[in-house]
Amino acid sequence: PTADWVFIMSIFLTIIMVALIQIVIILLLAHFVFALPVFANILNTTIVLLISAIMFSLIGMGIGYLFNNEQTTILGAISIGSAFILVSDLILPIESVSEGIRNFMVYTPFLLLTSLLRRTIIFDATFMQVYKQIGLIAIYCVVLLGVIILAHKLLRIWSVYSTTKKFK
């Protein structure tokens, strides 16, 4: 048997490797096809894209641990993705919502990461200008990792309990 952290890290690293390949392809397309200045501020853009991949990979792993089968996992992922888009500034501009909702929306991961990406690619923001938002996303990632580890341990305990209960 493998340790819990080895199992979780193997899933995580596989997802990150696939995401990094996709990010490189998209950046190359954006640079060569659309002539966007994605390589002008490459260090900060890379940091934001890496932390974005980590954040959404952890969210996906959390959704996977939360539901029992493939159908409910897909339904949950679509629902959470729709909720992220709904509370982002893609549908409603953040300036048009009330102050209370705006204070909530500013701290959602999707809005934080799109804002960070926009600031680093288009406005050439330095690390000192975006370190607070990156720190907040890092805190989200640590909390999500803790939830995933806890969910993995609880699922393992539950499966052992239900297996031993069948044999009694």
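Helices here are DSSP runs of H or I with at least four residues, strands are runs of E with at least two, and both are numbered from the N terminus. With that in hand, the protein chain has six helices and zero strands, and from the N terminus on its elements read α-α-α-α-α-α.

Before I continue, a word on the source. This is a predicted model, in which local features need pLDDT of at least 70, side-chain atom pairs count only at pLDDT 80 or more, and totals for chains, interfaces and linings use all residues. Residues are numbered from 1 along each chain as its sequence is written, and side-chain values use heavy atoms, with hydrogens and water left out.

Let me begin with the chain as a whole. The C-alpha trace spans about 65 × 40 × 30 Å along its principal axes. Of the 168 residues, 28% are buried; buried means under 20% relative accessible area, exposed means over 50%, and partly exposed lies in between, with a 1.4 Å probe and protein chains only. The chain exposes about 11100 Å², and carbon and sulfur atoms supply 76% of that area. These areas come from the Shrake-Rupley method with a 1.4 Å probe, and for residues only the protein chains shown count as cover.

Contacts come next, a contact being heavy atoms within 4.5 Å. Among contacts between residues at least 6 apart in sequence, 67% join residues at least 24 apart.

I turn now to the interior. A nonpolar core is a set of buried Ala, Val, Leu, Ile, Met, Phe, Trp, Tyr and Cys residues joined through side-chain atoms within 4.5 Å. The largest such core has 31 residues, and Met55, Leu58 and Ile137 have the most contacts inside it. Helices H1 (4–32), H2 (42–66), H5 (109–121) and H6 (127–166) each supply at least two of its residues. Which helix gives the most to this core? That is H2, with 10 residues. Once neighbours within four places in sequence are set aside, leucine 58 is in contact with Phe12, Cys141, Leu144, Leu145 and Ile148.

Rings of Phe, Tyr and Trp (its six-membered ring) pair if their centres lie within 6.5 Å; planes under 30 degrees apart count as stacked, over 60 as edge-to-face and the rest as tilted. By this rule there are two aromatic pairs. In one, the rings of phenylalanine 56 and phenylalanine 84 have centres 6.1 Å apart and planes at 80 degrees, so the pair is edge-to-face. Because phenylalanine 56 lies in helix H2 and phenylalanine 84 in helix H3 (residues 70–86), this pair ties together parts 28 residues apart in sequence. Phenylalanine 84 counts as buried, at 16% relative accessibility, whereas phenylalanine 56 counts as partly exposed, at 32%.

In the other pair, phenylalanine 56 and phenylalanine 110 have ring centres 6.3 Å apart and planes at 70 degrees, so this pair is edge-to-face. Phenylalanine 110 lies in helix H5 and phenylalanine 56 in H2, so the pair ties together parts 54 residues apart in sequence.

Finally, I draw attention to two loop residues. Where does alanine 35 lie? Its place is in the loop between H1 and H2. Alanine 35 has phi near 55 degrees, a positive value in a residue other than glycine, and counts as exposed at 62% relative accessibility. Aspartate 124 lies in the loop between H5 and H6. Its phi is near 50 degrees, a positive value in a residue other than glycine, and at 43% relative accessibility aspartate 124 counts as partly exposed.
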